Amino acid sequence: MDIILDSRSTQRMLVEIFSKNYTVEELDAMTEFYGSAIGQSIIAKTPGYSRALALKMRELREEAVEGGRFSPTTL
Amino acid sequence: MRHALLLATMLLWPFVASAGDLDERRAAAERYEAVASTSQMILGSIDKFAEYLPQHDRATLVETMTSLVDEGKIERMAIDVMAETFTLEEINALVDFFSSAIGQSVHGKQAAFSAELLQRTVALIHDGIARARSSVR
């Protein structure tokens, strides 16, 4: 994966997206919040939170496929 | 008898305390969902991501994906996962941040941010795969 997504390009991309979408005031507020001890603790747990939420979303998608509300080939 | 009661209390206390704590975390997670709705963020991201697709594919994507979003179910899922993942202190800190004017402004832009991040990450992966393939040849 390192060959496909190198950390320098990824970091550059993130800086561009952050600076394009948020104001300086918003970025400063996020830096202050996520830079605090509690913010760092939240960041450390966020990948696990996102993974667990994605798994639950997948269950929801499977329910929809079984119920005929969604076909994976629709898109 | 008193000793038995004391021992039982000591042994069962972690479970009782944990259940009480989980209830508090769930209540805090509900407050978080009220100020930073996950389903609204997902719906917003679908709309914003569609803007990166060719015009003729947009309506299909939005209709199909939106039909999958059961706001009530997503809200319950998000509350459960948040209460299971974060401490009460962490959830309260998130609620405080996202309740503020600046936090609300940040949350309002998260859908656009996520959609652009997804689109550009996919493009970056495609580029990386193409580079890796050409270096193998």
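Chain A has three helices and zero strands, where helices (H or I, at least four residues) and strands (E, at least two) are DSSP runs, numbered from the N terminus. From the N terminus on, the order of elements in chain A is α-α-α. The model is a predicted one: local features need pLDDT of at least 70, side-chain atom pairs count only at pLDDT 80 or more, and totals for chains, interfaces and linings use all residues. Residues are numbered from 1 along each chain as its sequence is written, chains are lettered from A and ligands numbered from 1 in the order in which they are written, and side-chain values use heavy atoms, with hydrogens and water left out.

### Chain A

Of the 75 residues in chain A, 23% are buried; the term means under 20% relative accessible area, while exposed means over 50% and partly exposed lies in between (1.4 Å probe, protein chains only). The accessible surface of chain A comes to about 5200 Å², and carbon and sulfur atoms account for 57% of that surface. Accessible areas come from the Shrake-Rupley method with a 1.4 Å probe; for residues, only the protein chains shown count as cover.

### The interface

The size of an interface is often given as the accessible area lost when the parts come together. Between chain B and chain A, about 3700 Å² is buried, and carbon and sulfur atoms give 74% of this area. Buried area here is the accessible area (1.4 Å probe) that two parts lose on being put together, summed over both. B:Leu68, B:Met77 and B:Phe113 supply 16% of the area that chain B buries against chain A, more than any other three residues. The contact, defined as heavy atoms within 4.5 Å, takes 40 residues from chain B and 39 residues from chain A.

Eight residue pairs in polar contact are found across the interface of chain B and chain A (both residues at pLDDT 80 or more). A polar contact is a pair of N or O atoms within 3.5 Å; within protein, one must be able to donate a hydrogen and the other to accept it, and residues adjacent in sequence count only if both atoms are side-chain atoms. On the side of chain B that touches chain A, at least two residues each come from α2 (38–50), α3 (55–68), α4 (71–85), α5 (88–99) and α6 (101–136) of chain B. The largest share of that side, 17 residues, is supplied by α6(B). By class, the side of chain B that touches chain A has 23 nonpolar, ten polar and seven charged residues. In this classification Ala, Val, Leu, Ile, Met, Phe, Trp, Tyr, Cys and Pro count as nonpolar, Asp, Glu, Lys and Arg as charged, and the others, Gly among them, as polar.

### Salt bridges

The structure holds eight salt bridges over all chains, and five are found across the interface of chain B and chain A. A salt bridge is a side-chain nitrogen of Lys or Arg within 4 Å of a carboxyl oxygen of Asp or Glu.

| Residue in chain A | Residue in chain B | N to O distance |
|---|---|---|
| A:Glu16 | B:Arg120 | 2.5 Å |
| A:Glu63 | B:Lys73 | 2.9 Å |
| A:Glu26 | B:Lys109 | 3.0 Å |

A:Glu16 forms its salt bridge with B:Arg120. Because A:Glu16 lies in helix α1 (residues 7–21) of chain A and B:Arg120 in helix α6 of chain B, the pair joins two chains. A:Glu16 is partly exposed, with a relative accessible area of 38%, and B:Arg120 is also partly exposed, at 24%.

B:Lys109 and A:Glu26 meet through their side chains, and this pair crosses from helix α6 of chain B to helix α2 of chain A. B:Lys109 counts as partly exposed at 26% relative accessibility, whereas A:Glu26 is buried, with a relative accessible area of 3%.

B:Lys73 lies in helix α4 of chain B and A:Glu63 in helix α3 (residues 37–66) of chain A, so this pair, too, joins two chains. B:Lys73 is partly exposed at 30% relative accessibility, as is A:Glu63 at 41%. Salt bridges that share partners join A:Glu16, A:Lys20, B:Glu116 and B:Arg120 into one network.

A:Glu26 is located in helix α2 (residues 24–35) of chain A. Not counting residues up to four places away in sequence, A:Glu26 touches A:Asn21, B:Ile102, B:Ser105, B:Val106 and B:Lys109.

A:Lys56 belongs to helix α3 of chain A and is partly exposed, with a relative accessible area of 26%. Apart from its neighbours within four places in sequence, A:Lys56 is in contact with B:Met77 and B:Val81.
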